[in-house]
Amino acid sequence: MIRYLLQRPIAVLMSFGAVLLFGLAALRQLPISLLPPIDVPRILVRVSYPNTPAAALEQNVVAPIRENLLTTNGLRNITSKTANHAAVIQLEFEYNTRMDLAFIEVNEKLDRLGGLLPREMPRPQVQRINTSDIPIIRLQVTPLDPGAYSQVSELAEKTIKRRLEQLPGVSVVDLNGARGDFFEIRPKDDVLQALRLDRRVLEAAIRGANAELGNLSVRDGQYRYFVRVGNTLQSPQDVAGIPIALPGGTPVPLGRLATVAVSPQTPTGYHLYNGREALALTIQKQPNARMTKLAPAINALAAEFRRDYPYADFAFTQDQNYLLKLSINNLSQSLWLGGALAVLSLFFFLGNYASPLLMGLSIPISLVLTFVLFYALGVSVNIISLSGLALGIGMLIDNAIIVIDNVTRKRRTGLSMLDSAAMGTGEVTAPILGQVLTTVAVYAPLVLLSGLAGALISDQAVALTISLGVSLLVAFILAPSLYRLLLPKDVSELREDTRFFRWVLAGYHALVGWVFRHKLIASLAAVCLGGAGIWLAVHAPTTALPQIKKTETQLAINWNAPIDAAENLRRIKELDAFLATEGAQIREAEVGISQFLLQQEDPAIAKALVYAAYKTPEDKARADARAARWLARRYPAAIAGIGDAPNAFTQLFSSSAPYLEARFQAEGAAFSAENASRLGKMLEKLPSAQWQKDAGLQEEPSIDLIPKPELLAEYRVPQAAVEEALNRLFGQTPISEIKRFGDIKTLRFEEDRAPFYERLEQPVQSLSGQAYPLKLFLDVQYASQFKFITSGKTGEYKAVHLFETPRRDIPGLQRQIDALARENGFTVEYAGRYFDNQSNTRRLLFIFLISIGLLYFVLAIEFENLLHPLLVMSTLPLGLFGSFLLLRLFNAPVDVMAAIGLVVVLGIITDDPILKVHTINRLRKAYALQGMGIKEALERAIHDAGEICLKPVLMTSITTVLGLLPVLFMPGLGSELQRTLVLVIAGGLTLGTFNALWFIPLAYWATARR
């Protein structure tokens, strides 16, 4: 087949040219994003029920929803956190669950529950998490005149948001900071009392006047018309004109009994940008959109906004497109620089210009052909797939190096150009296929990694596998064809070796000669290197995620006090001014309850989320420490978490789960006051001092208003009148809503802003018409209650978080906590990152063993021998020593990417021994056919194979390492993500290749001579 194609070079070149053109066209159509589109196996159900206490919300709403969702297919765990007014239910699924189907199933179950939930409660929101759901950029809209905030808010909701959503490639635009108006009804209580009326009369009249009859069907002869009855209430004047019937039947306009005015809504949350109240619009892209095209379109539209709406300021923050552009540019530079270094290194070994350039052509050609398969398989261009290409950039040239080097050797034996190309390619087909298969074989099990790490590595594995597969076609078909066309016909005109290589060759012969003269010392050296590798592996520091330099901070603040949104805003403005003096260039804050539909934080008025961007990581670290001291000094009761601001990568892979969480449940009962008191005393006896309370154990002050039934009966005051008065004084129940062209205006009575005790002075009427102060019938008690009700599959629980400490005996700690819980009548369950880490460690070990087994399986089939695979694999400990040594020299921990690199090293290190063992086997057979004895054939085969393989082995190893080196020194998320992986591969391949040069001849001689 190879000979047939070599005889038709024009057809080969035209075919490859056509595919190259298609690859360039495909590259322009490929979706470009920061991360591949990955479904996170998690769904959030958000429940909002204003003015409802947590206990009632848990019992009447959250518990029925949670119990109904327990039967969802693929569900792994379900937890809920219920607060006053709102709750969040989190569903975690097995990783292979179809999340689109799970999303539909959750919505269907909620729809079936509709009849059991309170009618007036809004439908719970179901939120599915995907990498595409991470906002690519935020648009800050700041009114230049604070008095025009309502106008700018309406502009952002009705115009800016919709225009952004109309851009091709935009999926959702989420908004926070909007603030509207409502019609405020301010009753004239003295007039109402004089006329013996109460607010319920006004409320009934307003609702009656605002009733919508809907569409009526009218028949007129043979025609039928639909008649819509419009609403006459459009303005405050219309509301003030509503007639109210007096007790005698005389109608008076509502405006004589109450004042109607347009008032701004009292917000439960704010958004700040650089210390000023503003609106934030987060823009999310569609999965297949090209960010490189979408970002300029968004910038162009923002320029139009600045021109059309001069009364507002527009600015972009948290630009993930900048992160993408920087990462892709850095990875692209790594690709080209790595390729250039790989090609330049060939000139140190080859004494002509044609061969290195011909070998170097395989890199760009293989890359372009790779994009054809990217397009066919739906793989996007992202930092993960590009890192897979950067990882394989040096390997793309390896196959062409081996083929061209062997073809040149055949030419020097006197064969024709065609015979040299055909036979030279055919001889190395088996070892090259073996090298690629071993690399792919050890990479394949990595897709068994659970969670998002497995999803990401699959994208990298696909990119690397495609590029290596394409490089085979280039090496076997295109490279020999170009060799025939471009290299000189006369072999004498082709200089093969450089002076540098001849010097290296002499050093190699000296090394092998010394090894064979001191076999015992060399064997002991190999054992010591392998032992050193094991020691370094055991004592290597570990971490979960790659370490990435950060200049952005996020402060999650819980004031731990029953403050309102206005006080929260005042404190955050104070903090913002402090951060500005500390060098924060960009500052944002979500104060109180956020309006973002896709928010993942727990909603609470007394919480805030502050974002600050600094110039350097050092500025960030210094400001973080000072901000922590400032908060501790000014607000010692506040609970503040200061950490790195999440970007698209950390939002997916960082976990807020505690290291170890112990969840206590009362046996057969909910957490009554008695159970809570008993649990508090038990926690004082916990065998670990390093723990903190979970949200379910955090308390807040409360006021209990308990009616006095004996006084209500004595004064003939209905309890319903007391409840109505309390709702009027402390609630914000709307009277009605005016809907017009998508605009909704709420009608609501004036909110009483008087102090608490003054409100209780308000009168309540008895059945006889006598007015009494409300406080007479209420017992006011100050108490405390839990802020949140946390529940799981089996009901409500209270949890504590235990911190990670070196050499902690977790199983022993669990046994002590279990015994303590049983003594106090509690059951306990455990969760947290500890168990995930244990599971991931076992899975990585399992993957490692599968990779070893697959490697042996592939090599046994390739060699048709059960011993030679073990010979090749004996070099693995020597290479792993180099991996851990380089990690130690660069002071880098073993993270998930380094662990993946260790598995990949298994396949790469064996490439050169495979070629050498193949060559020794081939030469032994050839020398035996020439009549040599077994010992003589063995010794000469080992000697000649070392000389034959030295150049391609060194060139392939050096080009692979040099292709990876730019990743170590390029800045950006893509490079930082892959840094430990590159260190592992570079260290393992460098020392692994050097050790294989002398160890394989020695090991082959030791096994074959028997």
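Reader: In which strand is Thr79 found?
Author: This is a predicted model, in which local features need pLDDT of at least 70 and side-chain atom pairs count only at pLDDT 80 or more, while totals for chains, interfaces and linings use all residues. Residues are numbered from 1 along each chain as its sequence is written, and side-chain values use heavy atoms, with hydrogens and water left out. Helices (H or I, at least four residues) and strands (E, at least two) are DSSP runs numbered from the N terminus, and the run of residues 75–82 that holds Thr79 is strand β2.

Reader: Is Thr79 buried or exposed?
Author: Buried means under 20% relative accessible area, exposed means over 50%, and partly exposed lies in between, with a 1.4 Å probe and protein chains only. The relative accessible area of Thr79 is 17%, and therefore Thr79 is buried.

Reader: Which residues is Thr79 in contact with, leaving aside its neighbours within four places in sequence?
Author: Contact means heavy atoms within 4.5 Å. With those neighbours left aside, the partners of Thr79 are Val88, Ile89, Gln90, Arg663, Ser791, Gly792 and Tyr797.

Reader: Where does Ser471 lie, and which residues is Ser471 in contact with beyond its neighbours within four places in sequence?
Author: Ser471 lies in helix α16, which covers residues 451–486. Its relative accessibility is 1%, so Ser471 counts as buried. Leaving aside its neighbours within four places in sequence, Ser471 is in contact with Ser366, Leu396 and Asn399.

Reader: Within what arc do the buried residues of α18 fall?
Author: The 20 residues of α18 should span 28 Å at 1.5 Å a residue, and its end C-alpha atoms are 29 Å apart, which agrees. The buried residues in α18 are Ala522, Ala526, Gly530, Gly533 and Leu536. Seen down the axis, these residues line one face of the helix because they fall within an arc of 125°.

Reader: How many Å apart in space are Ala537 and Phe884, C-alpha to C-alpha?
Author: Ala537 has its place in helix α18 (residues 519–538), and at 32% relative accessibility Ala537 counts as partly exposed. In sequence, Ala537 and Phe884 are 347 residues apart, but in space their C-alpha atoms are separated by 6.3 Å.

Reader: How many Å apart are the closest N and O atoms of Asp576 and Arg587?
Author: A salt bridge is a side-chain nitrogen of Lys or Arg within 4 Å of a carboxyl oxygen of Asp or Glu. Asp576 and Arg587 form such a bridge, with their closest N and O atoms separated by 2.9 Å. This pair links distant parts of the chain, since Asp576 is in helix α19 (residues 565–581) and Arg587 is in strand β18 (residues 586–592), eleven residues apart. Both residues are buried, and the distance between the closest N and O atoms is 2.9 Å.

Reader: Which residue forms a salt bridge with Arg626?
Author: Arg626 is partly exposed, with a relative accessible area of 35%. The closest N and O atoms of Arg626 and its partner are 3.1 Å apart, and that partner is Glu582.

Reader: How many salt bridges does the structure hold?
Author: Another of them joins the side chains of Arg98 and Asp100 at 2.8 Å, N to O. The structure holds salt bridges to the number of 25.

Terms used. The expected span of a helix is 1.5 Å times one less than its number of residues. The arc is that of the directions from the helix axis to the C-beta atoms.
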